[in-house]
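Please consider the following structure, which is discussed here in questions and answers.

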Amino acid sequence: MTQSAQQDRLPVRTVRWIGSGVFELQLERKDLPFSPGDCLALYAADGRVSRPYSIASGTGEDVLRFLIRRMPDGVVSGFLSERAPGDEVRVSPPFGWFRPGEHAELRPYVCIATGTGIAPFLCRLRSDSARPPHMILYGVRDAEDLYDPEWLAAQCDVRIAVSREDAPGVYHGRVTGLLDMLPDGKDIDYYLCGLDAMIDEVTDHLEGRGVAITRIHRECFFNASIP
Ligand SMILES: Cc1cc2nc3c(=O)[nH]c(=O)nc-3n(C[C@H](O)[C@H](O)[C@H](O)COP(=O)(O)OP(=O)(O)OC[C@H]3O[C@@H](n4cnc5c(N)ncnc54)[C@H](O)[C@@H]3O)c2cc1C
């Protein structure tokens with residue numbers, strides 16, 4: 001069997017629930033090469049229907065981690081949430097064009113995420129801890145959905161927003177309520193990932209500050225207009 005054929009299906013190591021609707025899926029990596037920001041298409045039971053998911057593990061780890069929101073009646077997220085250790089999941093080769101921190105040697109960068117949109121930034125932090133972002137703004141609906149906030153806070157300046165409850169020590173509201181905290185400077189790269197409405201609002205805000213659109217890098221996971 002060729003290496004690519006072996007990598008077409010990867011064994012599940014574990015499914016770990018973060019909150020009631022968000023889980024971390026871990027697959028054996030089997031030496032699959034990837035770059036921070038890459039996605040894999042993960043397939044449902046029939047091996048035909050797939051969705052893209054961003055890799056959340058570091059390039060030096062022997063496991064592939066994915067941070068996934070289980071959608072109501074979701075064909076692929078529902079299937080993945082019910083996997084057990086040793087089950088196999090069909091995967092595509094890695095692909096992607098979103099490259100958080102790719103110019104970190106030249107200039108500072110800032111990351112802004114909603115929900116599971118933190119995944120590519122986790123990958124970036126785990127892959128190159130020597131060049132963390134200047135700041136991360138991280139918004140979730142419920143505090144239970146936060147992915148390891150203590151670890152994140154130890155890596156860089158992280159500001160958290162929780163929109164649906166008044167949780168201790170964090171901003172109560174949408175992540176866009178934290179935009180005034182962003183550092184000033186036109187020579188910063190901004191990486192936005194998650195809900196389209198957040199991405200549009202933050203883009204408008206940054207352009208209003210005079211940031212060039214070429215410094216604003218965007219990856220949309222979810223569309224707010226889908227009911
Ligand atoms: C480049 C890229 C990377 C992504 N990475 C991640 C990731 O790391 N983690 C993660 O949790 N998700 C990620 N997504 C979203 C993911 O690909 C799926 O869209 C999501 O898991 C739903 O698939 P499903 O088969 O479970 O739901 P479906 O069976 O397709 O749909 C179930 C219900 O959810 C609604 N729905 C489906 N997809 C969306 C959507 N994108 N936005 C709003 N409503 C939707 C449908 O309208 C339907 O009502 C990413 C998307 C893109 C484009």
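Reader: In what order do the strands of the open sheet of 6 strands stand?

Author: This is a predicted model, in which local features need pLDDT of at least 70 and side-chain atom pairs count only at pLDDT 80 or more, while totals for chains, interfaces and linings use all residues. Residues are numbered from 1 along each chain as its sequence is written. Strands (E, at least two residues) and helices (H or I, at least four) are DSSP runs numbered from the N terminus, and two strands pair if DSSP finds at least two bridges between them. The pairing in this open sheet is parallel, and the order is β10-β9-β8-β7-β11-β12.

Reader: Which handedness has the β-α-β crossover from β11 to β12?

Author: Strands β11 (residues 189–195) and β12 (residues 216–222) are parallel over 6 bridges, with Leu195 opposite Phe222. The chain passes between these strands through helix α5 (residues 196–208). A crossover counts as right-handed if, with the strands pointing away from the viewer, the path from the first strand over the helix to the second runs clockwise.

Reader: Between which domains does the ligand lie?

Author: The shell around the ligand comprises 14 nonpolar, 6 polar and 4 charged residues (Ala, Val, Leu, Ile, Met, Phe, Trp, Tyr, Cys and Pro count as nonpolar, Asp, Glu, Lys and Arg as charged, and the others, Gly among them, as polar). β4 (50–54), β5 (63–69), α2 (75–81) and β12 each supply at least two residues of this shell. Domain bounds come from an automatic or database domain assignment. Both domains contribute to the shell, so the ligand lies between domain 1 (3–90) and domain 2 (109–222).
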